[in-house]
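These are my notebook entries from going through one model, written down in the order in which I looked things up.

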Amino acid sequence: MTQSKDARRVVISGTGLYTPQQTISNAELVKSFNAYVDNFNAENRAAIEAGTLEALSHSSEEFIVKASGIESRYVIDKTGILDPARLCPRIPERADEEPSIQCEIAVAAAREALVQARKTVDEVDAVIVACSNLQRAYPAMAIEVQNALGIKGFGFDMNVACSSATFGLQCARDALLSGSARCVLVLNPEICSGHLAWQDRDCHFIFGDVCTALVVERAETCKNPDAWEIIGTRLQTQFSNNIRNNFGFLNRCDESGIGARDKLFCQNGRKVFKEVVPMVAELIASHLSDESIEVSGLRRMWLHQANLGMNQLISKKVLGRDAEPAEAPVILNEYANTSSAGSIIAFHKHRQDLQSGEVGVICSFGAGYSAGSVIVKRL
Ligand code: CO8
């Protein structure tokens, strides 16, 4: 039996976004961080004066905006983060019988995406939870989400840090093309606040919490006229220690490392900036070329949202000129870096003005290094 043309075409038929209710402005963040620094320096005055301990330095709103473009972030809990004596969110553990917090935000985003795609849960048969930080080792978050939504079929988790969503999209597309699934939910519940060292001036401003959702299916089953065909996906990885988190199940096997700084997000931001920009620009350019798409025909780049300067440089390298603001929409000013969800938030919020037949690229990049390019066309 020959497959119909639509059976070989895969579309994104719905997107969803869960945004936590609480926000932290740079002003609030810097105020509590600086109070922590003052307390630390006062408590350790003798050691600092003796030269055995280095004094901590204040953070600054001006630096944060200038270095990153970030102005605020959404978080699950701001009171714990802004308490100078704690600098960590308060997210109480829940009983095993209750839905976990990561499942809860994934379900909220998934429901919006399903409504947009005009899909019932009976029509979905696979759930991929793709994100940087999974709440527990097992059972898989995706299976809990699958159960909460009442979806039959299968679910699994995957983690490629900031590139989890694009890698998840390729997995979903492959499953649809091979016939192992009819409709796939790709979910990116990112609770970055739990893995951020809020005491570290170099990175305390970088991340926020959010969840995004994508419904991916074959064109032949799609009921939403506002659907986006996935023209092609391309993934790339290259090992680097410049973004690293050593948190893991073996930590307890060496007590000396428990609670050490390397068990939270660490990065050499300068090196990441320098090395990842050319890698990503080359990935997008070669992917477009191999799909015979002229750069002049590229209407939008929904880029990973880590750093404004980085995105401006990547889009300039791809286009050969500065991008107009609408060509590479920015959401990091409001959301900060939400890891894998960033490019999907941009896609969710900034795609309605494109016309049928117009083309854009969803592009992620981050720890690994990892980068993913997903070229989409509005049907
Ligand atoms: N306030 C004031 N001054 C500061 C501050 C601050 N908050 N922080 C640093 N400074 C100082 C530094 O100490 C330094 O001082 P000096 O010159 O005396 O040494 C000076 O300011 C300049 O510092 P930097 O060189 O670090 O500043 P940059 O201009 O490089 O900006 C950035 C820092 C913003 C981090 C920038 O390098 C950047 O954004 N790089 C790209 C990073 C990136 O894209 N990372 C992707 C990681 S995300 C990912 O893969 C997902 C991981 C999983 C998520 C986990 C969630 C927790």
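The entries below cover the salt bridges, the nonpolar cores, the ligand surroundings and one serine.

**Entry 1, salt bridges.** I kept in mind throughout that this is a predicted model. I looked up the salt bridges and found that the structure holds 19 of them. I began with Lys-119, which pairs with Glu-217 at 2.8 Å between the closest N and O atoms. This pair ties together distant parts of the chain, 98 residues apart, since Lys-119 sits in the loop between α5 (101–117) and β4 (126–130), while Glu-217 belongs to strand β7 (residues 209–218). I checked burial as well, and both Lys-119 and Glu-217 are buried.

I then turned to Arg-378, whose salt bridge with Asp-226 has its closest N and O atoms 3.2 Å apart. Here too distant parts of the chain are linked, with Arg-378 in strand β13 (residues 370–378) and Asp-226 in the loop between β7 and β8 (228–237), a separation of 152 residues. Both Arg-378 and Asp-226 are buried.

The next pair was Lys-263 and Asp-262, whose side chains form a salt bridge at 2.7 Å, N to O. Are these two residues buried or partly exposed? Lys-263 has a relative accessible area of 15% and is therefore buried, under the 20% cut-off, whereas Asp-262, at 28%, counts as partly exposed. I also noted that salt bridges with shared partners bring Lys-119, Glu-123, Glu-217 and Lys-223 into one network.

I asked which residues of the largest nonpolar core touch the most other members. Among its 49 residues, these are Val-280, Ile-284, Ile-314, Val-318 and Phe-365. At least two core residues come from each of α1 (26–43), α4 (78–82), α8 (269–290), β11 (298–303), α9 (308–319), β12 (359–366) and β13, and the largest share, nine residues, is supplied by α8. I followed Ile-314 in detail and, leaving out residues up to four places away in sequence, found that Ile-314 touches Val-277, Val-280, Ala-281, Ile-284, Leu-303 and Phe-365. Another core, of 35 residues, lies apart from this one and includes Leu-17, Ile-128, Leu-214 and Ala-346.

On the oxygen side, a polar side-chain atom of Asn-307 lies 2.7 Å from an oxygen atom of the ligand. The ligand taken alone exposes 1,200 Å², and the protein buries 76% of that area.

I finished with Ser-373, which lies in strand β13 and is buried, with a relative accessible area of 0%. Which side chain does Ser-373 meet in a polar contact of 2.7 Å? The partner is His-287. Beyond its neighbours within four places in sequence, I found Ser-373 in contact with Gly-232, Thr-233, Arg-234, Leu-283, His-287, Val-361 and Ile-362.

How values were computed. Residues numbered from 1 in each chain as written. Predicted model: local features only at pLDDT ≥ 70, side-chain atom pairs only at ≥ 80, totals over all residues. Heavy atoms only, no water. Salt bridge = Lys/Arg side-chain N within 4 Å of Asp/Glu carboxyl O. Helix = DSSP H or I, 4+ residues; strand = E, 2+ residues; numbered from the N terminus. Buried < 20%, exposed > 50% of the residue type's maximum accessible area, 1.4 Å probe, protein only. Core = buried A, V, L, I, M, F, W, Y, C linked by side-chain atoms within 4.5 Å. Contact = heavy atoms within 4.5 Å. Polar contact = N/O pair within 3.5 Å; in protein donor to acceptor, adjacent residues only side chain to side chain. Areas by Shrake-Rupley, 256 points an atom, 1.4 Å probe, with all protein chains shown as cover.
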